[in-house]
Amino acid sequence: MATLLPPPKRPKLYHGVTKPEPEPLKASPNVVVQFVNEHDGTPIAPAVNLPANIAREGLEVLVNQLRTKDDDEHVPFAFHVALPEEATKPNAPTRIVISKSIEVDVLAHASYAFSEEDVLVVRCAPQSVFKVRPATRCSATLSGHSSPILCASFSPTGNLLATGSGDTHVRLWDLYTETPSHTLTGHTGWVLCVEWDPLERKLASGGHDGLVRLWDPKTGKPLGDAMKGHSKWVTSLAWEPVHLNPSTPRLASSSKDGTVRVWSTATRKLEYTLGGHTASVNVVKWGGGGLDGHGVLYTASSDRTVRVWDARGGKQLHILKDHAHWVTTLALNTDFVLRTGPFDHTGKRPSSDEEAQALALKRYTALVSRTPELLISGSDDHTLFLWSLFASSNAEPGGGKTKPLTRLTGHQRQVSHVAFSPDGRWAASAGWDSAVRLWDCSGAGQLGKFVATLRGHVGPVYRLAWSADSRMLVSASKDATVKIWDLKTYKIKSDLPGHTDEVYCVDFVADKVVSGGRDRTVKIWKN
(Lines give C-alpha, C1' and ligand atoms only; values in the text may rest on other atoms or scores of the structure.)
Protein backbone atom coordinates (compact mmCIF):
# COMPACT_ATOMS: atom_id res chain seq x y z
CA MET A 1 0.00 0.00 0.00
CA ALA A 2 1.39 3.36 -1.04
CA THR A 3 2.26 5.79 1.73
CA LEU A 4 -0.11 8.69 2.06
CA LEU A 5 1.51 12.10 2.03
CA PRO A 6 0.41 14.47 4.79
CA PRO A 7 -2.05 17.11 3.66
CA PRO A 8 -0.39 20.38 2.52
CA LYS A 9 0.03 23.02 5.25
CA ARG A 10 -2.33 25.91 5.25
CA PRO A 11 -0.51 29.06 4.10
CA LYS A 12 0.08 31.34 7.10
CA LEU A 13 -1.84 34.59 6.84
CA TYR A 14 -0.54 37.92 8.17
CA HIS A 15 -3.64 39.99 9.00
CA GLY A 16 -5.46 38.20 6.23
CA VAL A 17 -2.64 38.68 3.69
CA THR A 18 -0.16 36.00 2.62
CA LYS A 19 3.45 36.31 3.83
CA PRO A 20 5.37 38.95 1.83
CA GLU A 21 8.37 37.86 -0.21
CA PRO A 22 11.65 38.53 1.67
CA GLU A 23 13.36 41.62 0.28
CA PRO A 24 16.50 40.82 -1.69
CA LEU A 25 19.66 42.07 0.03
CA LYS A 26 20.72 45.41 -1.43
CA ALA A 27 24.19 45.34 -2.88
CA SER A 28 26.38 47.83 -1.07
CA PRO A 29 28.90 49.83 -3.11
CA ASN A 30 32.60 49.80 -2.30
CA VAL A 31 34.22 53.12 -1.43
CA VAL A 32 37.84 54.24 -1.16
CA VAL A 33 38.49 55.62 2.32
CA GLN A 34 41.51 57.57 3.51
CA PHE A 35 41.76 57.59 7.32
CA VAL A 36 43.53 60.69 8.63
CA ASN A 37 44.46 61.90 12.10
CA GLU A 38 42.01 64.58 13.25
CA HIS A 39 44.70 66.52 15.07
CA ASP A 40 47.14 67.24 12.22
CA GLY A 41 45.53 65.68 9.11
CA THR A 42 48.34 63.13 8.58
CA PRO A 43 47.25 59.82 6.98
CA ILE A 44 47.01 56.93 9.45
CA ALA A 45 47.55 54.40 6.61
CA PRO A 46 47.29 54.28 2.80
CA ALA A 47 43.77 54.59 1.35
CA VAL A 48 41.71 51.39 1.60
CA ASN A 49 38.81 50.01 -0.42
CA LEU A 50 35.89 49.08 1.88
CA PRO A 51 32.24 48.05 1.58
CA ALA A 52 30.22 51.19 2.37
CA ASN A 53 27.93 49.33 4.79
CA ILE A 54 30.71 48.37 7.22
CA ALA A 55 29.52 49.38 10.71
CA ARG A 56 31.20 52.12 12.76
CA GLU A 57 32.52 49.51 15.21
CA GLY A 58 34.14 47.71 12.26
CA LEU A 59 35.86 50.94 11.19
CA GLU A 60 37.22 51.29 14.74
CA VAL A 61 38.69 47.77 14.71
CA LEU A 62 40.20 48.42 11.28
CA VAL A 63 41.83 51.72 12.30
CA ASN A 64 43.26 50.10 15.41
CA GLN A 65 44.88 47.43 13.21
CA LEU A 66 46.16 49.95 10.66
CA ARG A 67 47.77 52.20 13.29
CA THR A 68 51.50 51.61 13.48
CA LYS A 69 51.77 51.94 17.24
CA ASP A 70 53.91 49.83 19.52
CA ASP A 71 51.24 49.74 22.25
CA ASP A 72 48.65 47.06 21.64
CA GLU A 73 45.95 48.94 23.57
CA HIS A 74 42.60 49.23 21.77
CA VAL A 75 41.80 52.93 21.41
CA PRO A 76 38.17 53.99 20.85
CA PHE A 77 37.78 56.40 17.91
CA ALA A 78 35.14 58.85 16.72
CA PHE A 79 34.87 59.32 12.94
CA HIS A 80 33.64 62.25 10.93
CA VAL A 81 33.77 63.62 7.40
CA ALA A 82 34.03 67.38 6.83
CA LEU A 83 31.36 68.82 4.54
CA PRO A 84 32.77 70.77 1.58
CA GLU A 85 32.32 74.57 1.76
CA GLU A 86 29.67 74.69 -1.00
CA ALA A 87 27.50 72.06 0.74
CA THR A 88 27.36 73.75 4.17
CA LYS A 89 24.29 75.78 5.05
CA PRO A 90 24.48 78.72 7.47
CA ASN A 91 24.10 77.63 11.13
CA ALA A 92 24.00 73.93 10.13
CA PRO A 93 26.67 71.45 11.30
CA THR A 94 29.85 71.60 9.19
CA ARG A 95 30.70 67.90 9.55
CA ILE A 96 28.98 64.53 9.27
CA VAL A 97 29.59 62.24 12.23
CA ILE A 98 29.69 58.56 11.27
CA SER A 99 27.48 56.86 13.87
CA LYS A 100 26.11 53.84 11.92
CA SER A 101 28.05 53.33 8.67
CA ILE A 102 29.52 55.30 5.76
CA GLU A 103 26.58 54.29 3.55
CA VAL A 104 23.87 55.45 5.95
CA ASP A 105 25.56 58.58 7.32
CA VAL A 106 27.71 59.92 4.45
CA LEU A 107 26.46 58.62 1.09
CA ALA A 108 22.80 59.04 2.08
CA HIS A 109 23.35 62.45 3.74
CA ALA A 110 20.76 65.10 2.87
CA SER A 111 23.41 67.32 1.24
CA TYR A 112 24.36 64.59 -1.32
CA ALA A 113 27.86 66.06 -1.23
CA PHE A 114 29.54 62.64 -1.54
CA SER A 115 29.23 59.78 -4.00
CA GLU A 116 30.82 56.32 -4.05
CA GLU A 117 33.32 57.55 -6.66
CA ASP A 118 34.91 60.06 -4.26
CA VAL A 119 37.86 59.25 -2.05
CA LEU A 120 36.32 59.85 1.37
CA VAL A 121 38.69 61.50 3.85
CA VAL A 122 37.52 60.19 7.24
CA ARG A 123 38.95 62.04 10.23
CA CYS A 124 39.65 59.85 13.26
CA ALA A 125 39.64 61.37 16.75
CA PRO A 126 40.88 59.16 19.59
CA GLN A 127 38.40 59.10 22.48
CA SER A 128 38.97 58.71 26.21
CA VAL A 129 39.66 55.18 27.35
CA PHE A 130 36.83 55.46 29.86
CA LYS A 131 33.21 56.40 29.29
CA VAL A 132 30.99 58.56 31.49
CA ARG A 133 27.38 57.47 31.87
CA PRO A 134 24.85 60.24 31.22
CA ALA A 135 22.86 61.39 34.25
CA THR A 136 19.16 60.63 33.86
CA ARG A 137 17.56 61.09 37.29
CA CYS A 138 17.77 63.34 40.32
CA SER A 139 19.24 61.27 43.14
CA ALA A 140 19.18 63.94 45.84
CA THR A 141 17.66 67.37 46.45
CA LEU A 142 19.62 69.04 49.22
CA SER A 143 18.15 72.05 50.96
CA GLY A 144 19.97 74.10 53.56
CA HIS A 145 20.85 77.38 51.89
CA SER A 146 18.34 80.12 52.64
CA SER A 147 19.16 82.24 49.55
CA PRO A 148 19.85 81.51 45.88
CA ILE A 149 22.92 79.36 45.23
CA LEU A 150 25.40 81.39 43.20
CA CYS A 151 28.34 79.00 42.73
CA ALA A 152 29.04 75.27 42.99
CA SER A 153 32.27 73.37 42.54
CA PHE A 154 33.30 69.72 42.88
CA SER A 155 36.59 68.94 44.57
CA PRO A 156 39.31 67.58 42.22
CA THR A 157 38.67 63.95 43.23
CA GLY A 158 34.91 64.41 43.09
CA ASN A 159 34.32 63.31 46.72
CA LEU A 160 33.18 66.68 48.05
CA LEU A 161 31.08 69.52 46.76
CA ALA A 162 31.20 73.18 47.81
CA THR A 163 28.36 75.62 47.20
CA GLY A 164 28.26 79.35 47.88
CA SER A 165 25.06 81.27 48.36
CA GLY A 166 23.48 84.65 48.91
CA ASP A 167 22.92 83.67 52.58
CA THR A 168 26.69 84.42 53.16
CA HIS A 169 27.49 80.74 53.86
CA VAL A 170 29.60 78.20 52.04
CA ARG A 171 28.33 74.64 52.47
CA LEU A 172 30.25 71.42 51.99
CA TRP A 173 28.41 68.27 50.92
CA ASP A 174 29.61 64.67 51.06
CA LEU A 175 28.90 63.03 47.72
CA TYR A 176 29.13 59.43 48.94
CA THR A 177 26.23 59.85 51.34
CA GLU A 178 24.72 62.91 49.58
CA THR A 179 24.39 64.74 52.91
CA PRO A 180 25.67 68.09 54.21
CA SER A 181 29.07 67.79 55.90
CA HIS A 182 29.93 71.37 57.03
CA THR A 183 28.61 74.91 56.96
CA LEU A 184 31.39 77.49 56.62
CA THR A 185 30.38 80.79 58.16
CA GLY A 186 32.45 83.95 58.11
CA HIS A 187 31.52 86.03 55.07
CA THR A 188 29.28 89.02 55.65
CA GLY A 189 28.02 89.29 52.07
CA TRP A 190 26.94 86.98 49.26
CA VAL A 191 29.47 84.25 48.45
CA LEU A 192 30.23 84.79 44.77
CA CYS A 193 32.93 82.17 44.05
CA VAL A 194 34.36 78.99 45.57
CA GLU A 195 37.52 77.32 44.29
CA TRP A 196 39.31 74.12 45.38
CA ASP A 197 43.05 73.82 45.72
CA PRO A 198 44.02 71.12 43.12
CA LEU A 199 45.25 68.76 45.88
CA GLU A 200 41.95 69.12 47.79
CA ARG A 201 43.63 70.41 50.95
CA LYS A 202 42.10 73.88 51.03
CA LEU A 203 39.00 75.61 49.79
CA ALA A 204 38.97 79.31 48.93
CA SER A 205 35.88 81.51 48.80
CA GLY A 206 35.37 85.10 47.71
CA GLY A 207 32.45 87.27 48.65
CA HIS A 208 30.51 90.45 48.13
CA ASP A 209 32.21 91.73 51.30
CA GLY A 210 35.55 91.97 49.40
CA LEU A 211 37.13 89.24 51.56
CA VAL A 212 38.94 86.10 50.46
CA ARG A 213 38.73 83.25 52.97
CA LEU A 214 40.52 79.91 53.20
CA TRP A 215 38.90 76.84 54.77
CA ASP A 216 39.98 73.36 55.81
CA PRO A 217 37.50 71.01 54.06
CA LYS A 218 38.11 68.17 56.57
CA THR A 219 37.04 70.13 59.64
CA GLY A 220 35.04 72.96 58.07
CA LYS A 221 37.06 75.48 60.11
CA PRO A 222 38.59 78.67 58.65
CA LEU A 223 42.36 78.64 58.10
CA GLY A 224 43.23 81.86 59.92
CA ASP A 225 41.55 85.18 59.38
CA ALA A 226 40.14 86.56 56.11
CA MET A 227 42.55 88.04 53.56
CA LYS A 228 41.61 91.70 53.33
CA GLY A 229 42.64 94.16 50.65
CA HIS A 230 39.97 94.42 47.98
CA SER A 231 37.80 97.52 48.26
CA LYS A 232 34.90 95.98 46.32
CA TRP A 233 33.51 92.47 45.86
CA VAL A 234 35.58 89.51 44.68
CA THR A 235 34.56 88.25 41.22
CA SER A 236 36.72 85.14 40.75
CA LEU A 237 39.55 83.05 42.22
CA ALA A 238 42.35 80.95 40.70
CA TRP A 239 44.88 78.61 42.34
CA GLU A 240 48.47 78.14 41.21
CA PRO A 241 48.78 74.81 39.30
CA VAL A 242 50.20 71.77 41.16
CA HIS A 243 53.00 71.15 38.67
CA LEU A 244 54.43 74.60 39.46
CA ASN A 245 54.00 74.63 43.24
CA PRO A 246 52.65 71.48 44.94
CA SER A 247 53.25 72.31 48.60
CA THR A 248 52.10 75.94 49.08
CA PRO A 249 50.19 77.06 45.98
CA ARG A 250 49.38 80.76 45.75
CA LEU A 251 45.89 82.11 45.15
CA ALA A 252 44.85 84.93 42.80
CA SER A 253 41.64 86.89 43.37
CA SER A 254 40.07 89.37 40.97
CA SER A 255 37.71 92.10 42.06
CA LYS A 256 35.22 94.73 40.99
CA ASP A 257 37.77 97.31 42.24
CA GLY A 258 39.86 96.73 39.05
CA THR A 259 42.75 94.87 40.72
CA VAL A 260 43.95 91.30 40.97
CA ARG A 261 45.70 90.28 44.20
CA VAL A 262 48.00 87.29 44.52
CA TRP A 263 48.14 85.84 48.04
CA SER A 264 50.62 83.46 49.64
CA THR A 265 48.37 80.83 51.24
CA ALA A 266 51.05 79.70 53.73
CA THR A 267 51.37 83.13 55.38
CA ARG A 268 48.02 84.54 54.11
CA LYS A 269 49.94 87.71 53.15
CA LEU A 270 49.60 89.65 49.92
CA GLU A 271 52.47 88.87 47.50
CA TYR A 272 51.68 91.48 44.86
CA THR A 273 48.80 93.38 43.27
CA LEU A 274 48.17 93.62 39.53
CA GLY A 275 46.90 97.10 38.74
CA GLY A 276 46.32 98.33 35.22
CA HIS A 277 42.72 97.51 34.45
CA THR A 278 40.52 100.59 34.54
CA ALA A 279 37.28 98.76 35.37
CA SER A 280 36.03 95.65 37.14
CA VAL A 281 38.16 92.51 36.60
CA ASN A 282 35.61 89.78 35.89
CA VAL A 283 37.77 86.64 35.62
CA VAL A 284 41.26 85.53 36.53
CA LYS A 285 42.84 82.28 35.23
CA TRP A 286 46.21 80.82 36.24
CA GLY A 287 47.82 79.15 33.23
CA GLY A 288 50.54 76.55 33.48
CA GLY A 289 52.82 77.70 30.64
CA GLY A 290 54.07 81.22 30.06
CA LEU A 291 57.66 82.35 29.84
CA ASP A 292 59.99 79.41 30.62
CA GLY A 293 56.96 77.52 31.96
CA HIS A 294 56.77 79.45 35.24
CA GLY A 295 53.04 80.11 35.05
CA VAL A 296 51.05 83.03 33.74
CA LEU A 297 47.95 84.96 34.86
CA TYR A 298 45.18 85.89 32.44
CA THR A 299 42.69 88.58 33.52
CA ALA A 300 39.55 89.78 31.71
CA SER A 301 37.92 93.06 32.51
CA SER A 302 35.02 95.40 31.83
CA ASP A 303 37.57 97.85 30.34
CA ARG A 304 37.29 95.60 27.20
CA THR A 305 40.81 94.19 27.55
CA VAL A 306 42.38 90.87 28.45
CA ARG A 307 45.77 91.27 30.16
CA VAL A 308 48.48 88.67 30.55
CA TRP A 309 50.92 88.76 33.49
CA ASP A 310 54.03 86.82 34.46
CA ALA A 311 53.13 84.90 37.63
CA ARG A 312 56.61 85.20 39.16
CA GLY A 313 56.55 88.91 39.90
CA GLY A 314 53.38 90.26 38.33
CA LYS A 315 55.05 91.87 35.31
CA GLN A 316 52.57 92.68 32.53
CA LEU A 317 53.35 90.74 29.33
CA HIS A 318 50.49 91.55 26.92
CA ILE A 319 47.35 93.65 26.60
CA LEU A 320 44.77 92.17 24.22
CA LYS A 321 42.43 94.92 23.06
CA ASP A 322 40.27 93.28 20.38
CA HIS A 323 36.89 93.12 22.14
CA ALA A 324 34.39 95.93 21.72
CA HIS A 325 32.54 95.44 25.03
CA TRP A 326 33.08 93.99 28.52
CA VAL A 327 35.02 90.72 28.60
CA THR A 328 33.09 88.47 30.97
CA THR A 329 34.46 84.96 30.57
CA LEU A 330 37.77 83.18 29.90
CA ALA A 331 38.69 79.53 29.35
CA LEU A 332 41.98 77.68 28.85
CA ASN A 333 42.30 74.38 27.01
CA THR A 334 44.32 73.18 30.03
CA ASP A 335 41.61 74.13 32.60
CA PHE A 336 40.62 70.54 33.36
CA VAL A 337 44.14 69.15 33.91
CA LEU A 338 45.10 72.21 35.98
CA ARG A 339 41.98 71.89 38.11
CA THR A 340 42.31 68.13 38.75
CA GLY A 341 46.13 68.20 39.10
CA PRO A 342 47.44 64.68 39.74
CA PHE A 343 44.00 62.99 39.96
CA ASP A 344 42.84 61.17 36.83
CA HIS A 345 40.19 58.54 36.06
CA THR A 346 42.24 55.73 37.67
CA GLY A 347 41.54 57.09 41.16
CA LYS A 348 45.13 56.73 42.44
CA ARG A 349 46.23 59.14 45.18
CA PRO A 350 49.80 60.51 45.11
CA SER A 351 51.75 59.67 48.27
CA SER A 352 53.90 62.84 48.36
CA ASP A 353 54.01 66.38 46.98
CA GLU A 354 56.84 65.43 44.60
CA GLU A 355 54.83 62.53 43.17
CA ALA A 356 51.78 64.80 42.80
CA GLN A 357 53.92 67.38 40.99
CA ALA A 358 55.36 64.75 38.62
CA LEU A 359 51.90 63.31 37.82
CA ALA A 360 50.38 66.75 37.26
CA LEU A 361 53.30 67.80 35.04
CA LYS A 362 52.97 64.61 32.99
CA ARG A 363 49.26 65.22 32.39
CA TYR A 364 49.87 68.89 31.54
CA THR A 365 52.71 68.16 29.08
CA ALA A 366 50.69 65.41 27.38
CA LEU A 367 47.98 67.97 26.61
CA VAL A 368 50.17 70.89 25.46
CA SER A 369 52.35 68.63 23.30
CA ARG A 370 49.41 68.48 20.86
CA THR A 371 48.43 72.15 20.83
CA PRO A 372 49.97 75.02 22.80
CA GLU A 373 48.01 76.52 25.71
CA LEU A 374 45.00 78.21 24.09
CA LEU A 375 42.83 80.92 25.61
CA ILE A 376 39.27 81.82 24.63
CA SER A 377 37.75 85.11 25.75
CA GLY A 378 34.01 85.78 25.55
CA SER A 379 32.41 89.17 25.67
CA ASP A 380 29.19 91.16 25.74
CA ASP A 381 29.99 92.17 22.13
CA HIS A 382 28.43 88.73 21.22
CA THR A 383 31.78 87.33 20.01
CA LEU A 384 34.67 85.23 21.28
CA PHE A 385 38.37 85.38 20.41
CA LEU A 386 40.77 82.44 20.37
CA TRP A 387 44.38 83.23 21.39
CA SER A 388 47.63 81.31 21.47
CA LEU A 389 50.07 83.59 23.28
CA PHE A 390 52.93 81.23 24.14
CA ALA A 391 54.25 78.59 21.78
CA SER A 392 54.74 75.42 23.82
CA SER A 393 58.24 74.03 23.47
CA ASN A 394 57.24 70.90 21.54
CA ALA A 395 53.99 71.90 19.84
CA GLU A 396 53.90 72.98 16.23
CA PRO A 397 55.00 76.56 15.49
CA GLY A 398 51.65 78.28 15.62
CA GLY A 399 51.62 79.67 19.10
CA GLY A 400 53.06 82.84 20.46
CA LYS A 401 51.02 85.56 18.74
CA THR A 402 49.44 88.58 20.38
CA LYS A 403 46.88 88.79 17.57
CA PRO A 404 43.88 86.47 17.94
CA LEU A 405 43.99 83.23 15.92
CA THR A 406 40.28 83.55 15.08
CA ARG A 407 37.16 85.45 15.94
CA LEU A 408 34.27 83.15 16.81
CA THR A 409 31.01 84.76 15.75
CA GLY A 410 27.44 83.51 15.68
CA HIS A 411 25.88 84.33 19.05
CA GLN A 412 23.00 86.79 18.73
CA ARG A 413 23.39 88.16 22.26
CA GLN A 414 25.99 88.41 25.04
CA VAL A 415 28.23 85.41 25.69
CA SER A 416 27.71 84.25 29.28
CA HIS A 417 30.21 81.39 29.61
CA VAL A 418 32.82 79.50 27.61
CA ALA A 419 34.41 76.16 28.53
CA PHE A 420 37.01 73.87 26.95
CA SER A 421 36.52 70.11 26.92
CA PRO A 422 38.91 68.13 29.20
CA ASP A 423 40.90 66.84 26.21
CA GLY A 424 41.24 70.41 24.88
CA ARG A 425 39.77 69.51 21.47
CA TRP A 426 36.44 71.35 21.75
CA ALA A 427 35.20 74.60 23.15
CA ALA A 428 31.57 75.33 23.97
CA SER A 429 30.10 78.78 24.47
CA ALA A 430 26.77 79.68 26.06
CA GLY A 431 24.88 82.85 25.34
CA TRP A 432 21.91 84.95 26.33
CA ASP A 433 20.42 83.94 22.95
CA SER A 434 19.47 80.53 24.54
CA ALA A 435 21.97 78.72 22.31
CA VAL A 436 25.11 76.73 23.02
CA ARG A 437 27.67 76.79 20.20
CA LEU A 438 30.41 74.25 19.65
CA TRP A 439 33.86 75.05 18.21
CA ASP A 440 36.64 72.74 17.02
CA CYS A 441 40.00 73.58 18.68
CA SER A 442 41.76 70.29 17.96
CA GLY A 443 44.34 71.81 15.63
CA ALA A 444 43.23 70.10 12.41
CA GLY A 445 42.98 72.83 9.79
CA GLN A 446 41.49 76.04 11.09
CA LEU A 447 41.49 76.38 14.88
CA GLY A 448 38.19 77.61 16.25
CA LYS A 449 36.05 76.32 13.37
CA PHE A 450 32.31 76.41 14.07
CA VAL A 451 30.88 72.89 14.42
CA ALA A 452 27.24 73.07 15.49
CA THR A 453 24.62 74.95 17.48
CA LEU A 454 22.87 73.12 20.31
CA ARG A 455 19.32 74.43 20.57
CA GLY A 456 16.75 73.41 23.14
CA HIS A 457 16.82 75.94 25.95
CA VAL A 458 14.10 78.57 25.99
CA GLY A 459 15.97 81.05 28.21
CA PRO A 460 19.52 82.41 28.49
CA VAL A 461 22.13 79.71 29.15
CA TYR A 462 24.21 80.68 32.19
CA ARG A 463 26.78 77.91 32.72
CA LEU A 464 28.37 74.93 30.98
CA ALA A 465 30.32 71.92 32.23
CA TRP A 466 31.93 69.02 30.35
CA SER A 467 32.01 65.35 31.25
CA ALA A 468 35.51 64.02 31.98
CA ASP A 469 35.55 61.96 28.76
CA SER A 470 34.69 65.03 26.59
CA ARG A 471 31.71 63.20 25.04
CA MET A 472 28.94 65.12 26.80
CA LEU A 473 28.21 68.70 27.71
CA VAL A 474 25.79 69.92 30.38
CA SER A 475 24.18 73.36 30.40
CA ALA A 476 22.22 75.32 33.03
CA SER A 477 19.70 77.94 32.05
CA LYS A 478 17.26 80.57 33.14
CA ASP A 479 14.47 78.26 31.91
CA ALA A 480 14.92 76.18 35.15
CA THR A 481 16.29 73.11 33.35
CA VAL A 482 19.64 71.39 33.09
CA LYS A 483 20.29 69.66 29.76
CA ILE A 484 22.90 67.08 28.79
CA TRP A 485 23.95 67.19 25.13
CA ASP A 486 25.26 64.31 23.06
CA LEU A 487 28.15 65.42 20.84
CA LYS A 488 27.62 62.65 18.29
CA THR A 489 24.20 63.88 17.25
CA TYR A 490 24.34 67.49 18.57
CA LYS A 491 20.94 66.80 20.19
CA ILE A 492 19.72 66.61 23.79
CA LYS A 493 20.79 63.34 25.43
CA SER A 494 18.83 63.90 28.62
CA ASP A 495 16.71 66.77 29.85
CA LEU A 496 16.85 67.22 33.63
CA PRO A 497 13.89 69.29 34.80
CA GLY A 498 13.22 69.63 38.52
CA HIS A 499 14.39 73.06 39.58
CA THR A 500 11.55 75.47 40.17
CA ASP A 501 13.48 78.61 39.17
CA GLU A 502 16.57 79.76 37.26
CA VAL A 503 19.64 77.47 37.46
CA TYR A 504 22.77 79.55 38.09
CA CYS A 505 25.51 76.95 38.43
CA VAL A 506 26.30 73.45 37.25
CA ASP A 507 29.27 71.09 37.56
CA PHE A 508 30.01 67.60 36.22
CA VAL A 509 32.33 65.05 37.82
CA ALA A 510 32.62 61.28 37.19
CA ASP A 511 28.99 60.40 36.38
CA LYS A 512 27.40 62.94 38.74
CA VAL A 513 26.01 66.32 37.77
CA VAL A 514 25.24 68.93 40.40
CA SER A 515 23.17 72.06 39.88
CA GLY A 516 21.99 74.93 42.06
CA GLY A 517 20.06 78.11 41.55
CA ARG A 518 17.43 80.53 42.58
CA ASP A 519 15.19 77.89 44.19
CA ARG A 520 17.85 77.50 46.97
CA THR A 521 18.26 73.73 46.49
CA VAL A 522 21.24 71.71 45.34
CA LYS A 523 20.28 68.83 43.06
CA ILE A 524 22.53 65.85 42.38
CA TRP A 525 21.81 63.97 39.15
CA LYS A 526 23.02 60.45 38.41
CA ASN A 527 22.69 57.69 35.88
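Tutor: Leaving aside residues up to four places away in sequence, methionine 227 touches Gly210, Leu211, Val212, Leu214, Leu251, Trp263 and Arg268, where contact means heavy atoms within 4.5 Å. This is a predicted model, in which local features need pLDDT of at least 70 and side-chain atom pairs count only at pLDDT 80 or more, while totals for chains, interfaces and linings use all residues. Residues are numbered from 1 along each chain as its sequence is written, and side-chain values use heavy atoms, with hydrogens and water left out.

Methionine 227 lies in the loop between strand S16 (221-222) and strand S17 (234-239); helices (H or I, at least four residues) and strands (E, at least two) are DSSP runs, numbered from the N terminus. Its relative accessibility is 2%, so methionine 227 counts as buried (under 20% relative accessible area; exposed is over 50% and partly exposed is in between, with a 1.4 Å probe and protein chains only). From methionine 227 to valine 283 there are 56 residues in sequence and 19 Å in space, C-alpha to C-alpha.

Another part is an open sheet of five strands. Its order is S4-S3-S7-S5-S6, with mixed pairing; two strands pair if DSSP finds at least two bridges between them. Strand S4 (48-51) and strand S6 (95-97) stand at the edges with a single partner strand each, so one side of each has no neighbour in the sheet. Strand S5 (residues 77-82) and S6 run antiparallel and are joined by three bridges. Valine 81 stands opposite isoleucine 96 in S6.
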